[in-house]
Amino acid sequence: MKKQLITNIIMITLSLMIAGVSIWLPGFLLERETRLSIGTVRDVPPQYYSGPSNAIIKNASAQLTSEQCIQLITGTWSSDISKVRPEDCNISEFGIKTLALTRIKELYAKGLYPKTLESEKDEWFAWSATPYRALDTTFKTYAAFFWDITFIKYDNTELHRFIITESGDILYAEATMNGEEDLKEFYPKLLNCSYLMYYYGEYTSTTYNTGAIRILTHDNITTTFRTSSPTDAVIKKLDTNNASSYIPNYKNFKPDGVYTLSQSTNNSSDENVFYIPYAKTDTSYQIALIP
């Protein structure tokens, strides 16, 4: 009987001790962890912050104008450029190819490109298009998409490459022609360089055009383009390598000629100024838009 009583006392005592430790120990550990954490700076784990979602970026970016998209792509508005998937873009691969062919035809008509790429007899081209995104570095909320699209003639005698925005702006064009149809007789009409800009998907009407000045209305916004020849000092300081920030595998060139293109709108006090340099040989041609 006495032995049983002692056993019961020991069991009760152990139970009380275990209960006490269970109540005291978590508080002690928590207080100890709190003291150790005071004054300590730690990195936030990636799972707690990954930036705005793609849906937020897409909605915010839909408010950007064509001019703001160009600023993002060319780096006038600080941005990070990365390759993306075609399904992330607003235009499909086939859609950007169709838009590019339309723009090439117009540039040819304005004397800014040596030929059209319409599919006729002996004019079949294979093509590939790679999309990129320029995302603003400050808020990581505004994005502009552009495409690097290349056409190669079936017999490999011609290569045509374009950097084109989803609004249809041509930021870079390159032709390499090693066949019978070379570039000996072609010289670009840089006075028409405002036609590198385009407003795809918006109603557009030209209200004034004298070559040096072109005024048009698009989506109820009036845009004025002014083209002029820069001074020799400006041309001497121009670094065409600036285009390498948004043109993958860019081949820098020394310009044979340069024009200045100024762009302003009636809803903004800002004026965008670009330089349009070109270089040409008997078999190659490059033209770029440089901020």
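Modeller: Buried means under 20% relative accessible area, exposed means over 50%, and partly exposed lies in between (1.4 Å probe, protein chains only). The model is predicted, so local features need pLDDT of at least 70 and side-chain atom pairs count only at pLDDT 80 or more, while totals for chains, interfaces and linings use all residues. Residues are numbered from 1 along each chain as its sequence is written, and side-chain values use heavy atoms, without hydrogens and water.

Biologist: Why does tyrosine 172 count as buried?

Modeller: Its relative accessibility is 1%. That is under 20%, so tyrosine 172 is buried. For the protein as a whole, 40% of the 291 residues count as buried.

Biologist: What makes tryptophan 124 and tyrosine 154 an edge-to-face pair?

Modeller: Rings of Phe, Tyr and Trp (its six-membered ring) pair if their centres lie within 6.5 Å; planes under 30 degrees apart are stacked, over 60 edge-to-face, and the rest tilted. The structure holds nine aromatic pairs. In the pair of tryptophan 124 and tyrosine 154, the ring centres are 6.1 Å apart and the planes stand at 65°, so the pair is edge-to-face. The pair links distant parts of the chain, 30 residues apart: tryptophan 124 is in the loop between α4 (93-109) and β2 (125-136), and tyrosine 154 is in the loop between β3 (143-153) and β4 (158-165).

Biologist: Why are these two residues called partly exposed?

Modeller: Tryptophan 124 has 49% relative accessibility and tyrosine 154 has 48%. These values fall between the two cut-offs, so the residues are partly exposed.

Biologist: What makes tyrosine 172 and tyrosine 250 an aromatic pair that is edge-to-face?

Modeller: Their centres are 5.9 Å apart and their planes make 70°. Tyrosine 172 lies in strand β5 (residues 170-177) and tyrosine 250 in the loop between α5 (232-237) and β9, so the pair ties together parts that are 78 residues apart in sequence. Tyrosine 250 has a relative accessible area of 13%, so it is buried.

Biologist: How do you know which stretches are helices and strands?

Modeller: Helices (H or I, at least four residues) and strands (E, at least two) are DSSP runs, numbered from the N terminus. The protein has five helices and 11 strands. One of the helices is α3 (residues 66-74), which is mostly covered, with eight of its nine residues buried. Among those buried residues are Cys69, Ile70, Leu72 and Ile73. Glycine 75 follows α3 and has a positive phi, near 90°.

Biologist: Why is β9 described as largely enclosed?

Modeller: Eight of the nine residues of β9 are buried, so the rest of the structure largely encloses this strand. Threonine 260 is found in β9 (residues 257-265), and at 11% relative accessibility threonine 260 counts as buried.

Biologist: What makes β9 a partner of other strands?

Modeller: Two strands pair if DSSP finds at least two bridges between them. Strand β8 (residues 221-228) and β9 have six bridges in the antiparallel sense, and threonine 224 has serine 264 of β9 as its bridge partner. Between β9 and strand β10 (residues 271-280) there are eight bridges, also antiparallel. Tyrosine 259 has isoleucine 276 of β10 as its bridge partner. A hairpin of five residues joins β9 to β10.

Biologist: What makes a set of residues a nonpolar core?

Modeller: The members are buried Ala, Val, Leu, Ile, Met, Phe, Trp, Tyr and Cys residues joined through side-chain atoms within 4.5 Å. The largest nonpolar core has 62 residues, of which Phe162 and Ile276 touch the most other members. Phe162 also belongs to one aromatic cluster with Tyr113, Phe151, Phe186 and Tyr285.
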